[in-house]
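Please look through the structure below, beginning with the chain as a whole and then turning to its helices and loops. The paragraphs that follow are meant to be read with the model in view.

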Amino acid sequence: MASDTYLTVKSFTQGLYKEKGSRFISFVWPVSKEEEIRDILENTRKEHHSARHHCYAWVLGPQRDHFRANDDGEPSGSAGKPILGQINSRNLTNILIVVVRYFGGKLLGVSGLINAYRSAATSALESAGIVECQITEKIGLTFPYAALNDVMKIIKEEEIAFSDQKFELECSINIYIRASSTEHIRNHLSRIEGIAFSDGI
């Protein structure tokens with residue numbers, strides 16, 4: 001896998017694991033920010049308000065450096081960590097897994113809980129579909145109209161995605177470059193007279 005790509009799940013999915021009468025229902029979402037995660041957790045708690053526990057783990061960011069695991073009242077390390085372990089074993093990011101437990105009346109013990117939460121997370125992940133995404137950088141360009149053809153020529157040759165283009169006396173456009181190509185394309189564009197770079201419009 002190239003350094004400017006990351007793995008995540010394609011779409012929402014769910015799974016199920018049963019043990020001694022307890023039901024562990026698992027849900028997987030692709031996510032991109034903490035606000036989104038908070039909303040999902042709140043909605044899941046409302047939807048499954050009669051469940052005994054709502055345990056979860058999430059990872060965010062291309063470098064997988066932002067993460068959390070929560071046991072929600074289960075013995076420490078018996079729920080959130082096993083869920084997070086399944087995310088880490090597949091090298092996934094921008095993902096949230098929630099496992100809700102409907103208690104069946106029989107205690108499972110810590111090792112039983114670890115196995116149950118791990119198995120529930122695996123059940124959902126197996127049908128989630130994993131995709132490889134590119135890390136892209138958004139760059140805003142402004143340039144005189146006289147330079148329009150030169151700019152668009154490079155965009156076409158390098159197959160660069162773009163948006164928000166305004167072609168007037170002073171032109172502007174947002175471009176989206178694969179991280180590994182940023183320096184090369186910036187150097188190429190900087191040769192055009194009158195061009196200026198920003199973080200996007």
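The model is a predicted one, and its chain comprises five helices and eleven strands.

The overall dimensions come next. The chain has a radius of gyration of 23 Å, whereas a compact globule of 201 residues would have one near 17 Å. Taken along the principal axes, the box filled by the C-alpha atoms is roughly 75 × 30 × 25 Å. Gly109 and Lys153, which are 44 residues apart in sequence, are 65 Å apart in space, C-alpha to C-alpha, while the C-alpha atoms of Ser123 and Asn187, 64 residues apart along the chain, are separated by 47 Å.

Within this chain, 44% of the 201 residues are buried, and of the contacts between residues at least 6 apart in sequence, 70% join residues at least 24 apart. The chain exposes about 10900 Å², of which carbon and sulfur atoms supply 47%. Its side chains include 23 positive and 25 negative ones, and the centres of these two sets lie 12 Å apart.

Helix α2 (residues 80–89) has as its buried residues Gly80, Pro82, Ile83, Leu84, Gln86 and Ile87, and the elements that cover them include β4, β5, β6 (95–102) and α3 (109–125). After α2 comes Asn91, whose phi is positive, near 60 degrees. Most residues other than glycine have a negative phi.

Helix α3, which is among the elements covering the buried residues of α2, holds both Gly109 and Ser123. Gly109 counts as partly exposed, at 37% relative accessibility, and Ser123 is also partly exposed, with a relative accessible area of 23%. Beyond its neighbours within four places in sequence, Ser123 is in contact with Gly15 and Leu16.

The text now moves to α4 and α5. In α4 (148–157), the buried residues are Leu148, Val151, Ile154 and Ile155. Seen down the axis of α4, these buried residues fall within an arc of 140 degrees, and they therefore line one face of the helix. The face of α4 that is turned away from this buried side carries the exposed residues Asn149 and Lys156. Among the elements that cover the buried residues of α4 are β8, β9, β10 and α5.

Helix α5 (residues 182–190) has Thr182, Ile185 and Leu189 as its buried residues. Seen down the axis of α5, they fall within an arc of 75 degrees, so that they too line one face of their helix. Their cover includes β8 (136–144), α4, β10 (170–178) and β11 (196–198).

What follows α4, and is its phi positive or negative? The residue is Glu159, whose phi is positive, near 55 degrees, although Glu159 is not a glycine. Glu159 lies in the loop between α4 and β9 (161–166). Is Glu159 buried or exposed? Glu159 is exposed, because its relative accessible area is 73% and the cut-off for an exposed residue is over 50%.

Note on methods
Residues are numbered from 1 along each chain as its sequence is written. This is a predicted model: local features need pLDDT of at least 70, side-chain atom pairs count only at pLDDT 80 or more; totals for chains, interfaces and linings use all residues. Side-chain values use heavy atoms; hydrogens and water are left out. Buried means under 20% relative accessible area, exposed over 50%, partly exposed in between (1.4 Å probe, protein chains only). Helices (H or I, at least four residues) and strands (E, at least two) are DSSP runs, numbered from the N terminus. The arc is that of the directions from the helix axis to the C-beta atoms. Contact means heavy atoms within 4.5 Å. The radius of gyration is taken over C-alpha atoms; the globule rule is 2.2 Å times the number of residues to the power 0.38. Accessible areas come from the Shrake-Rupley method with a 1.4 Å probe; for residues, only the protein chains shown count as cover. Lys and Arg count as positive and Asp and Glu as negative; His and the chain ends are not counted. The place of a charge is taken as NZ of Lys, CZ of Arg, CG of Asp or CD of Glu.
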